[in-house]
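Thanks for coming, everyone. I would like to walk through one structure this morning, and I will begin with a question once it is on the screen.

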Amino acid sequence: MLFHTFRSQDERRAFGGSYFIELQYCKLAPNADLKQIVSVGSIVNWANDSLYIHGDDDGAFLSQYGEILTGGVYNNGETGPADLCGINYYSPQQARLIAERIMEQKPLELQVLLDWLERGTGYNGFYLLGL
């Protein structure tokens with residue numbers, strides 16, 4: 001199983017502590033400045049509505065989703081491939097394109113991520129937060 005959800009942080013800690021990649025909704029206002037969005041101070045890890053990938057599965061995750069999750073904005077304002085050691089921000093427009101790429105490429109467990117993206121359409125995109 002590539003993706004995990006948890007009902008509580010106690011459940012997450014019991015499963016794997018803090019050794020997770022986290023896909024987290026960006027809950028800042030749509031008009032928030034990009035510098036604020038990718039600021040370390042704006043990130044509050046371990047949201048209960050996040051989607052988690054265990055650190056031991058980082059290779060499988062990248063092989064399935066690495067090409068799909070490109071173009072995220074890093075903390076330094078640059079963009080590129082998914083950085084599993086930092087902040088990656090994807091705008092609502094990018095989230096829609098990512099959903100389209102998922103449907104085209106059909107990676108493992110695609111429905112889990114598609115459903116999660118669909119539930120997040122009211123937010124200001126999402127983050128991929130590295131280990």
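Predicted model: local features only at pLDDT ≥ 70, side-chain atom pairs only at ≥ 80, totals over all residues.

Which residues lie nearest the centre of the largest pocket? They are Ala-95, Arg-96, Leu-117, Glu-118 and Thr-121, out of 14 residues that line the largest pocket. Residues are numbered from 1 along each chain as its sequence is written, and side-chain values use heavy atoms, with hydrogens and water left out.

A pocket here is an open set of points on a 1 Å grid over the protein atoms alone, where a 1.4 Å probe fits, with protein on both sides within 12 Å along at least five of seven lines, and a lining residue has an atom within 4 Å of a point. The volume of the largest pocket is about 230 Å³, taken as the space filled by probe spheres set on the points, which are joined across faces, edges and corners. Helix H4 (92–105) and helix H5 (110–119) are the elements that give two or more residues to its lining; helices are DSSP runs of H or I with at least four residues, strands are E runs of at least two, and both are numbered from the N terminus.

Let me stay with H5, where Leu-113, Leu-114, Trp-116 and Leu-117 are buried, buried meaning under 20% relative accessible area, exposed over 50%, and partly exposed in between, with a 1.4 Å probe and protein chains only. These four cover an arc of only 165 degrees around the axis, so they sit on the same side of H5, the arc being that of the directions from the helix axis to the C-beta atoms. On the other side of H5, Glu-118 and Arg-119 are exposed.

Gln-9 counts as buried, at 14% relative accessibility. Its side chain reaches the backbone oxygen of Trp-46 at 3.0 Å, and a polar contact of 2.6 Å joins the side chains of Gln-9 and Asn-48. A polar contact is a pair of N or O atoms within 3.5 Å; within protein, one must be able to donate a hydrogen and the other to accept it, and residues adjacent in sequence count only if both atoms are side-chain atoms.
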